[in-house]
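Hi everyone, thanks for coming. Please have a look at the chain on the screen, and then I'll walk you through a few places in it.

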Amino acid sequence: MPNNKIFISAGDLSGEIHAANLVREIKKINPSCYISCAGGTNLKSVSDNFIEDIVNINAFGFLPVKQIFFLKNVLKKLVKYFETEKPEKVILTDYYGFHIHVAKAAKKLNIPVYYYISPQVWASRSGRIKTLAKNIKKMLCILPFEEKLYKDNGIDAVFVGNPLIDIVPEKQSFKQNFESSKLPVIGLFPGSRKSVIKKHMPIILETAKILREKLNAEFMMFAVNKELNYKLPEYIKFETGNDFEKRRLADIAICPSGTVSLENSLLGIPMAVMYKLSYFNYFLIKMIAKVKYITIVNIMADRVIIPEFIQFDAKPEKIAESVISQINPEQYSAKVKELLEFRKMFGRPGVSKRAAEIILND
C-alpha cells in the first residue's frame, strides 16, 4: 500500500521557490500526500514536516568548515528519516554537491529519486552525469537542450519547461519607457548571496556614478534582502523582494549571471551581465568550464546577445559604455524583441503542474 510520503529538498533560494511551487501542485493533485522537506522558509511554509533549514547557511563556492560539518549532520538526519519513514519518492532540486549524497542514500534504500532542476553538468564537470545515472530514476529538465544530453547518457529525462515562465510576467510593450517623457530607468542588481554582493556592489556603485555623469536617468537598486550593509547615494532608489511588476519598469539592467539574468531576459530587459569571483575560484572554474558564455541566452544562441563582463573585464567604465550603447533607440527595441523570442523556447505555462503530474504518475 502506498504511504503517500514524499521528501523534497532545495539548497538555495531560487531553487527553493520552485520546489515550494511544486509542493503546492502535488498537494492540489493529491491532498493526501504527506510532504517532508529540507530547505528554507518557502518550503517550510508548505511542508507537513520540516526537517532542516539548509538554504539560509549562505553556502557558496567552497563551504567553510562549519558548513561542511553542518551539512554532514543534516545528511545523517535525512538518512535516519529515510530508514524510519520510508518515503515513496525523493525529489531533489539543483544543489548537486549536497544532493548527490542524499540521492545515494535514497538509492541504497530503494527509494526512487527525481531530480527537478538539473545541475548544470553541461557547463562543467560532465563526469557528474555518470554519478547521476547510477542514483536517480528521472531527471526533470528546465532547459530545452538538457533532455537530449541526459537521454544520450542513459538517464530517463523530460523537458517540463522553465518554472520562471509561470512566475515572470512578459513585458507589456516593446516601446521604450523613455521614448515618451519618462527618463530611462537603470536597474541595479548586486546579487542575493553575501559573498556575491561583496564582490559586485563596489563595481555597480561606481558604474552608476559614471552613468549619472553621462546620462539623465533614474536608478533603482533591486535586492533580495533589506540589509545590504552599503550606504546608497540619494539618487539610487531601493527596492527589496522580487516584485516583477516593479522590476519590469527598468529599461536596462546591470546584474550578475544566474537566475536574475534569466528573469530579466524573460522580462525583455536588455542588460550588462557581470560576475566576479575570488582569484582562486575564478581560475579553478576557468580550468573546468565547458561553455564560452555564462548567461543562458548566450549559451543557447552560441553568440553574444547579452554583453558579459567577467572577472578582469568587470570594470565600471566598460559596463557603463555597454549600457549607454544598448539604450540607443536604434538598437533597443530590436534587443527587447530578440530577448522575448527566447522566452518562447522555455516552454508553456503550467510547469510546476506538469512536473508534479509526472512525478506522481511515474
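Let's begin with Gly-268, which sits just after helix H9 and takes a positive phi of about 75°. A word on names: helices (H or I, at least four residues) and strands (E, at least two) are DSSP runs, numbered from the N terminus. Before I go on, please keep in mind that this is a predicted model, where local features need pLDDT of at least 70 and side-chain atom pairs count only at pLDDT 80 or more, while totals for chains, interfaces and linings use all residues. Residues are numbered from 1 along each chain as its sequence is written, and side-chain values use heavy atoms, with hydrogens and water left out.

Now, H9 itself. This helix spans residues 259–267, and eight of its nine residues are buried. When I say buried, I mean under 20% relative accessible area; exposed is over 50%, and partly exposed is in between, with a 1.4 Å probe and protein chains only. The buried residues of H9 are Val-260, Ser-261, Leu-262, Glu-263, Asn-264, Ser-265, Leu-266 and Leu-267. What covers them? The cover includes helix H8 (244–247), strands S11 (252–256) and S12 (271–275), and helices H11 (296–301) and H13 (329–343).

Let's step into H8, where we find Arg-247. Is Arg-247 buried or exposed? With a relative accessible area of 4%, Arg-247 is buried. Contact here means heavy atoms within 4.5 Å. Take Asn-264: it is 17 residues from Arg-247 in sequence, and their C-alpha atoms are 8.5 Å apart in space.

Over to H11, another part of the cover on H9. Ala-301 is in H11, and at 22% relative accessibility Ala-301 counts as partly exposed. Then comes Asp-302, in the loop between H11 and strand S13 (308–310). Asp-302 has a phi near 55°, positive in a residue other than glycine, and at 47% relative accessibility Asp-302 is partly exposed.

Asp-94 also has a positive phi without being a glycine, near 50° this time. Asp-94 belongs to the loop between strand S4 (89–93) and H4, and is partly exposed at 25% relative accessibility.

That brings us to H4 and to charge. Which residues gather in a patch of positive charge on the surface? They are Lys-104, Lys-108, Lys-130 and Lys-134. Helix H4 (96–108) and helix H5 (128–135) each supply at least two residues of this patch. Patches are made of residues with over 30% relative accessible area and no salt bridge, and like charges are joined within 9 Å. A salt bridge is a side-chain nitrogen of Lys or Arg within 4 Å of a carboxyl oxygen of Asp or Glu. Lys-134, in H5, is exposed, with a relative accessible area of 61%.

Finally, the whole chain. There are 14 helices and 13 strands, and of the 362 residues, 51% count as buried. Among contacts with a separation of 6 or more, 63% come from residues 24 or more positions apart.

Note on methods
Patch = residues over 30% accessible without salt bridge, like charges linked within 9 Å, V, L, I, M, F, W, Y side chains within 5 Å. Areas by Shrake-Rupley, 256 points an atom, 1.4 Å probe, with all protein chains shown as cover. Lys, Arg positive; Asp, Glu negative; His and termini not counted. Charge placed at Lys NZ, Arg CZ, Asp CG, Glu CD.
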